[in-house]
Amino acid sequence: MRKVVNLAIGFLREHPVRFVLTTVATAAATCLVLWVASSYEALLTTYDEYANLALGRYELAIAPISMKAEDHVPPECLEDLRKAPSIVAADPMWAQRVDIRTHGSLPVESRRSDADSRYELPRREDASQSKFAGGPGSGPDALMPDALFLATDAPAPPFDLDEGRWLTADGEASREAVVRADVARRRGLAVGDEIIVEREGANDDDEDDDVSLRVVGILGAPSLAGQQAAGIPILAPSSGEFFIATALAEELFGASAEISLIGVSVAPDVDITKFRFGWAPQLNQYSTPVQFQEAYEIEEALDQAAAAQNVRLQSYASTGVALVVSLLVIFCTLSMGVTERVRQYAVLRAIALTRSEIGLLIAIEGIVLAVVGLAGGVIAGWALLYASAAARPDLLYHGAPIGATSLWLAVVATLGGGLLASIVPAWRATRVRPIDAMAPRPDESGGDRVRWSLVLAGLALIAVNPLLAFVFPPNEQTLHIVMPAGYLCMSVGFVLMAPAVVAAVDRWCGPLLVRLVAVDPRLLSSQITMHVWRTAGTAIAMAVGMGLFIAIHVWGFTMLQAFIPGEWIPDAIVTLGPGLSPEDVEQIADLPGVDSERCLPMVAEQPRLLHDLTGSADRPSVTRQDNVIIVGLDPDRALGASHPLFQFEWVAGDLQSAIEQMRRGRACIVPDHFLDETGLRLGDTFSLVPPEDAENIVEYTIAGAVRMTGWHWQTKLTGLRPRTHRAAALVIASYGVVARDFDRDAATHIWFSYDSPQVDADTVASTVETTVQRLSDQQSEGDSAEEARVISAQGIREHIQGVARRWIWMISQVPIIALLIASLGVVNVLLASVRSRRWEFGVLRAVGVTRSELARAILAEGLLVAAVACLLSLGFGVIAGWCGCGMAQYVSFFGGLHPPLIIPWSAIGFGMTLVILLGVVSAVWPAYQISRAQPLALLQEGLGEF
């Protein structure tokens, strides 16, 4: 055993540069795993706390459906909740915002004259300005003269206490308050300090009516970096900055306590999804309809734990990438060693070693390379994580240590790659016979001969993934089997195809490069196919990173296509505050830049489906929700005019029939995916529950189905979702019918198009907003009306695309890093190629070939290897991204819309350019070495000497 180990170490020391390059590449792959996995572990720990940010110890909260300040939760709702056996606790809370003074506060600048404005919510799309956004995340720069108080008699705090104690039953007499931890830091408060509360109705200059409260506890609500820019836009337990007893609040606020929200804790064995859906009908039947809090920002806060689990899956993916990269880099190194040392293995077989010992010798080389790379990677990874945690302590406040899971993943990636990489070279080495010491066998790659059996097998395996994605699509139960199987088959298929791609590139791209670099064609003839599997392994190592890069972009931009507003959407929409009459809208139609024929008033509501037609209780998704958005428009002008507002592509039904049915009554047009999800067909009906009149169930008939690409974000950013943050469909019906069914006296929005493509959209928007504001102020009889806003469809498109591009490029970092690591393998291969031909290069130099020609020939070889990597990564990336989108339609939350395949050629072009540049850069050093060598020194190496 010792002699085998000594031989392995000796062989590795024989080529120190190759050893260093291989271990550096392996260390970089290890560092990649540690960086991704440990960072995600730290984020997972942070997000686990943040997941409870909004609701604290409560699983749910209940608040009025309406966002009006005067609406509160009816007392009978609290009574019913407390009677339910599945509910452990139901704690009412009363929210009020009042002015305060502390030793850390700014001077009071003003008081609000309108008491109702104390906790009136802004428009949902302007969450960052919410008065309830004073919750965790108001930030140190948001020191305001007022604060949000939550009055509660809950026996336990909604979050753990950092210091002090919770409120006692006699909180009114002792005038106690508990302050949230970040508010205490911001205002410089500690347990025992006092705050001054300005009593409701007191004179601003009369301090005798102010009330002093003593801080008895610091509430440890978790927080995250970035909350300063976007707080929680709806009321939640975490929104409270100060907590006081209900009786004390009645004294301070001069009014009887109301219920702003109820924190609900359920039994551990209760299914939250089914619980919500089961209670939804009852919540709509109270005098003030209420609902479980499911606004977008709260949903996102509660989903952070799941998001962290998703990014943890990405750490496993990065482990796989690193394993493949280290495997291929080590494989190339060992393969080169086997090829170069055929004579030595033959001699060893003749005098000292058995076949198994030769195989063990290769395995030890692979393990040594992996272990050294692992050690270097752990050191580099620790340094990188330490620097990251020091640079962003606000984000990674738990630090970013190398956890056991991260270290285990690194070991699997590195040592696993080393062991797997040893298999083929070890097998080749054991086939060496003692007789080969006299006459080394030629490389068995087969030259440029294509093995059609491998090509056919590769094509068959590549076809498995599309078949599984589109012909035999998986479900949630089979996805964990089908997806790995499909991608594994496809990966093996491209590996088997790699030699044919190498031969094709050598044959078809070689002559082009000869002209490009101006060298003798014989210098490049069959160079990359001389050792075809070694070349293929190097190209595959580069293609791993670039293939994933292309797959991410194809998948991302294809999925994105379903959410970008299509051309059917009019140019702009106006959100109205108090609403306008249809007659007032005519004044908007006459404004410059507005197409008078395509400017229509609209009423919108977001009712719940009476029956869960989409199956949202079983598996909610972007198309499987328990509610819809219904808008009312004039069907003739919106659909049937010579110049209609909408230009739909009809999937079911026809235009004239749909218009006629909409004129007569409750007929509607739905998006085509709504039919797929519900199983409904043309002429079927579905029932809706008006949010503010739950007993008046209304039934609509499907008169047609059309394609509405991008309606999700169009409705999200324009205030068309007044009740909750997601909906199953955008339904279009007659204006009068919708206004009557959902009690809408005035238009809620205006949808219009410009009268010319060359119009200045900003000018039109300003004019429309000013006019709508004037009309709204007149209608509100002098009271300040909510500001109108104009949102353009193009602005929505640009916003979505900008955000999506940033996220797609962010998750493309790992593949790019993998590509950079793999480029070290290219350097190794080219160095070996140059080293094995030093005698040949000496002869070429002796007969007149210049240094420059040899250097250009080596650079051309690097280009050829990069070209092979480009072709492999392009094929793999496009098919992988396409199949990923296909599978996502059946199992992903954002599936069900079936967008067309989008190939982002600009991103792919960038990736291909990077691969080509890395191929050239990787060849610079070998080219420089061979160009600087003297002809005599090259000839003295001797044929076959390494």
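**A friendly briefing on a predicted chain**

H898 is placed in the loop between α28 (851-891) and α29 (905-932), where helices and strands are DSSP runs (H or I, at least four residues, for helices; E, at least two, for strands) numbered from the N terminus. H898 has a positive phi of about 50° although it is not a glycine. This is a predicted model, in which local features need pLDDT of at least 70 and side-chain atom pairs count only at pLDDT 80 or more, while totals for chains, interfaces and linings use all residues. Residues are numbered from 1 along each chain as its sequence is written, and side-chain values use heavy atoms, with hydrogens and water left out.

**The chain as a whole**

- The protein chain contains 30 helices and 21 strands.
- Of its 946 residues, 55% count as buried; buried means under 20% relative accessible area, exposed means over 50%, and partly exposed is in between (1.4 Å probe, protein chains only).
- The protein chain exposes about 39,600 Å², and carbon and sulfur atoms supply 57% of that area; accessible areas come from the Shrake-Rupley method with a 1.4 Å probe, and for residues only the protein chains shown count as cover.
- Among contacts with a separation of 6 or more, 84% are between residues 24 or more positions apart; contact means heavy atoms within 4.5 Å.

**Positive phi values in loops**

- H898 counts as partly exposed because its relative accessibility is 47%.
- A518 is a residue other than glycine with a positive phi, near 60°, and A518 lies in the loop between α15 (510-517) and α16 (521-524).

**Helices with a buried face**

- In helix α3 (residues 75-83), the buried residues are C77, L78 and L81. Seen down the axis of α3, these buried residues fall within an arc of 100°, so they line one face of the helix; the arc is that of the directions from the helix axis to the C-beta atoms.
- The buried residues of α3 pack against β1 (60-64), β2 (87-101), β9 (261-266), α7 (272-283) and β10 (290-292). The exposed residues P75 and K83 sit on the face of α3 turned away from its buried side.
- Helix α25 (residues 793-811) has 19 residues and reaches 27 Å from its first C-alpha to its last, close to the 27 Å expected at 1.5 Å a residue; the expected span is 1.5 Å times one less than the number of residues.
- A793, I796, R797, I800, A804 and I808 are buried in α25. They line one face of α25, because they fall within an arc of 95° seen down its axis.
- An α-helix has 3.6 residues a turn, so residues three or four places apart point the same way.

**Salt bridges**

- The structure holds 15 salt bridges, each a side-chain nitrogen of Lys or Arg within 4 Å of a carboxyl oxygen of Asp or Glu.
- R165 and E176 meet through their side chains in a salt bridge (2.4 Å, N to O). R165 is in the loop between β4 (161-164) and α4 (171-174), and E176 is in strand β5 (residues 176-180), 11 residues apart.
- E176 is buried, with a relative accessible area of 3%, whereas R165 counts as partly exposed at 33% relative accessibility.
- R707 forms a salt bridge with E649, with the closest N and O atoms 3.2 Å apart. R707 lies in the loop between β18 (698-706) and α22 (711-716) and E649 in the loop between α19 (635-640) and β15 (650-652), so the pair ties together parts that are 58 residues apart in sequence.
- R707 also forms a salt bridge with D672, with the closest N and O atoms 2.7 Å apart. D672 lies in helix α21 (residues 672-678), so this pair ties together parts that are 35 residues apart in sequence.
- D672 is buried, with a relative accessible area of 18%, whereas R707 is partly exposed at 38%.

**A nonpolar surface patch**

- L467, F470, V471, F472, W882 and L901 make a nonpolar surface patch of about 550 Å². Patch residues have over 30% relative accessible area and no salt bridge; like charges are joined within 9 Å, and nonpolar side chains (Val, Leu, Ile, Met, Phe, Trp, Tyr) within 5 Å.
- Helix α13 (residues 452-471) contributes the largest share of the patch, 3 residues.
- F470 lies in helix α13 and counts as partly exposed at 33% relative accessibility.
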